[in-house]
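This report covers a predicted model. Please look over the sequence and the coordinates before reading on.

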Amino acid sequence: MGVRIMQTFSVLISEQMHPSECQRTVDHDYLTVTEERLERFQGMIRQKSISFAEKRGNITGYVGVIEHIKQSFPFIHDTKSPVERYLVANTSLVYRLQGSDASLKPALLCAHIDVVPIANPSAWEHDPFEASIHDTFIYGRGALDDKARLTGILEALEHILKTNGFNYRPKRTIILAFGHDEEVGGLHGAGMLAEFMIQRNWIPEFLLDEGMPIFDNVLGVDRPIALIGTSEKGYLTIKLTVEMDKDTAGHSSRPPREQAISILAQALSRIHDNPFPGVSHINDALRDMLTHIAPELPFVRRLIMCNLWLFEPIAKSMIEGGVKENVLPHVVSATINHRISPGESVASVIERDIAVINDKRVQVSVVQAFEPIDASPCDNIGFKVLEKSVRQIWPKYYVVPALMIAGTDTKHYSHLTKNMYRFLPVVLGHDDISRIHGPNERISLEAYEKLLNFYIHLLHNIDSYHETPNHHHTLTDL
């Protein structure tokens with residue numbers, strides 16, 4: 001591996017793009033966080049669109065988001081609007097703006113309308129569904145994941161229609177896809193949206209979805225890094241079950257030598273004591289990351305970074321068994337969640353778990369599984385328009401392809417396009433990461449304003465990207 005790393009580093013050059021900066025005082029299409037835009041975003045957060053489990057969510061909350069979108073963006077929903085709207089699987093949405101050039105495949109922008117439950121209400125400093133503002137921060141579940149992006153995409157499209165009128169047509173068709181159950185796997189939201197598009201032969205050139213943010217103060221780099229997810233870890237949840245004969249399970253006063261709980265505990269201990277090794281080869285995602293960021297890092301830190309990003313995390317998330325303190329259970333189970341790096345597979349992880357446990361009394365069954373997604377290219381228009389848009393809003397930041405460590409809806413679109421990119425256009429520090437899916441999720445007003453302008457630039461760049469990185473984006477020439 002050392003030789004291969006050296007070979008890779010020997011040809012590294014900086015690939016950072018340098019377009020001119022978007023400026024509030026110069027760009028006439030700059031979006032400020034007006035009272036109206038703020039109210040639309042707060043209204044989105046106030047909808048309790050919670051997904052609890054597969055096929056189990058707050059339907060009232062989902063419908064609330066859909067109705068709020070319809071009422072908040074009148075130009076998109078006007079009967080004269082060129083934007084087509086479709087309701088899929090009852091509570092997922094598709095919007096389509098037909099382009100003028102039929103030779104260009106569509107651009108697909110994805111987001112999701114659902115949020116995770118509030119696990120610990122007392123830990124919140126402010127009501128998670130009030131969307132109140134404190135010290136220039138908007139607090140609420142979904143403020144980062146994923147209602148800021150959802151609202152920002154719609155704000156950008158609404159602004160373009162309002163400015164250009166209903167005769168406006170981009171060169172490239174734009175499709176927006178908003179699933180309702182991303183937080184529980186996305187099978188019935190994004191999964192159905194993908195099938196809906198296949199039936200109509202809407203095959204996108206590239207896809208842009210939620211992903212990693214802009215990280216501040218990481219890896220010893222002298223400026224923030226915008227991480228564009230070009231690949232995605234797989235997801236595997238397995239259930240370990242030990243079932244003994246009910247008649248021999250025993251009572252706590254006369255416990256048998258072998259108990260279901262102890263057998264399961266040994267299996268969990270073996271898995272814990274035998275973590276997955278780091279990936280032993282440079283895959284495409286790692287190579288692309290090195291190409292973009294390594295020239296900016298000291299050599300030793302480059303090597304550390306290469307390996308830290310690709311370990312296989314294992315989470316023992318649930319244990320079940322027992323009905324009474326003095327009765328030994330005859331059936332016990334534990335749920336384990338794996339995140340699988342590209343280069344591995346669901347089958348190889350299951351095979352390794354069974355070998356590590358090495359006990360036929362422990363049954364291994366699959367609860368849910370998704371294969372890892374290989375790296376998308378960095379020379380595709382999808383990555384380039386993302387990179388250019390980032391550098392227009394944050395001109396001094398690095399833009400780097402990376403492995404997306406969490407799961408997104410993109411897995412449901414992988415048979416539509418190989419060009420899939422994941423990004424959250426918000427700067428986050430170390431203390432902010434725990435707020436996503438945790439207490440006190442929030443976004444600053446300044447960060448939200450930058451997000452809005454990122455999407456205005458993104459829509460323009462999708463339509464007018466060319467190799468010369470000039471900063472001109474008057475809406476009249478779209």
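The text below treats a strand and its neighbours, then a glycine in a loop, then salt bridges.

**Strand β4**

Strand β4 covers residues 92-97. Six of its six residues are buried, so β4 is largely enclosed by the rest of the structure. Burial applies to both faces of the strand: one side carries S92, V94 and R96, and the other carries L93, Y95 and L97.

Two strands pair with β4. Strand β3, residues 83-88, runs antiparallel to β4 and is joined to it over six bridges. Within this pairing, V83 has L97 of β4 as its bridge partner. β3 and β4 make up a hairpin with three residues between them. A89, in the turn, has a positive phi of about 55 degrees. Strand β8, residues 174-179, also pairs with β4 in the antiparallel sense, over five bridges. Here Y95 has L176 of β8 as its bridge partner.

G99 is found in the loop that runs between β4 and β5, the latter being residues 107-112. Is G99 buried or exposed? Its relative accessibility is 10%, which is under the 20% cut-off, so G99 counts as buried. Leaving aside residues up to four places away in sequence, G99 touches P170, K171, R172 and T173. The C-alpha atoms of G99 and R169 are 5.6 Å apart, although 70 residues separate the two in sequence.

**Salt bridges**

The model has eight salt bridges.

R37 belongs to helix α2, residues 35-45, and E155 to helix α5, residues 147-164. The R37 and E155 pair thus links distant parts of the chain, 118 residues apart. R37 and E155 are both buried. For E155 the relative accessibility is 2%, so this residue counts as buried.

Through shared partners, salt bridges join R37, R40 and E155 into one network.

R149 and D146 are both buried.

Conventions: Residues are numbered from 1 along each chain as its sequence is written. This is a predicted model: local features need pLDDT of at least 70, side-chain atom pairs count only at pLDDT 80 or more; totals for chains, interfaces and linings use all residues. Side-chain values use heavy atoms; hydrogens and water are left out. Helices (H or I, at least four residues) and strands (E, at least two) are DSSP runs, numbered from the N terminus. Buried means under 20% relative accessible area, exposed over 50%, partly exposed in between (1.4 Å probe, protein chains only). Contact means heavy atoms within 4.5 Å. A salt bridge is a side-chain nitrogen of Lys or Arg within 4 Å of a carboxyl oxygen of Asp or Glu. Two strands pair if DSSP finds at least two bridges between them.
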